[in-house]
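Here is a short briefing on one residue and its surroundings. Have a look at the model first, and then we can walk through the neighbourhood together.

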Amino acid sequence: MPQPLVQAVATNVPGPRIPLYVLGRRMTALHPYVPIGNSVRISIAILSYLDTVSFGVTADHDAVPDLDVLVQGIQRALAELSQIRPAEPPVRRS
């Protein structure tokens with residue numbers, strides 16, 4: 001059912017943490033894809049597989065000619081996140 005107010009969709013799907021095999025060969029990567037349709041003009045899919053996370057961005061070129069700006073923003077944000085050190089767990093004293 002068309003929803004004219006929805007123009008973008010994003011989904012985060014946790015994938016398998018164990019290797020998958022196709023015809024006896026180990027899959028090295030999974031690439032997410034969410035199709036666009038009706039009034040949706042941009043879709044962003046996030047999928048994990050083993051120890052990696054992949055992004056798939058799909059858009060209607062006529063509606064979003066500057067999609068590269070969004071993709072570059074995602075890349076910059078991921079680069080910033082990769083520089084953050086996790087917090088040290090608190091020391092427990094007995």
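In which strand does serine 43 lie? Serine 43 is part of strand β4, which covers residues 42-49. Please keep in mind that this is a predicted model; the points below place the residue in its setting.

**Burial**
- Serine 43 has a relative accessible area of 0%, and because the cut-off for buried is under 20%, this residue counts as buried.
- Its strand is mostly covered too, with six of the eight residues of β4 buried.

**Contacts of the side chain and residue**
- A polar atom of the serine 43 side chain lies 2.5 Å from the backbone oxygen of valine 34.

**Partner on one strand: β1**
- Strand β1 (residues 8-13) and β4 run parallel, joined by six bridges.

**Partner on another strand: β5**
- Strand β5 (residues 52-59) runs antiparallel to β4, with eight bridges joining them.
- β4 and β5 form a hairpin with two residues between them.
- In the turn of that hairpin, leucine 50 has a positive phi of about 55°.

Technical notes
Residues numbered from 1 in each chain as written. Predicted model: local features only at pLDDT ≥ 70, side-chain atom pairs only at ≥ 80, totals over all residues. Heavy atoms only, no water. Helix = DSSP H or I, 4+ residues; strand = E, 2+ residues; numbered from the N terminus. Buried < 20%, exposed > 50% of the residue type's maximum accessible area, 1.4 Å probe, protein only. Polar contact = N/O pair within 3.5 Å; in protein donor to acceptor, adjacent residues only side chain to side chain. Pairing = 2+ DSSP bridges.
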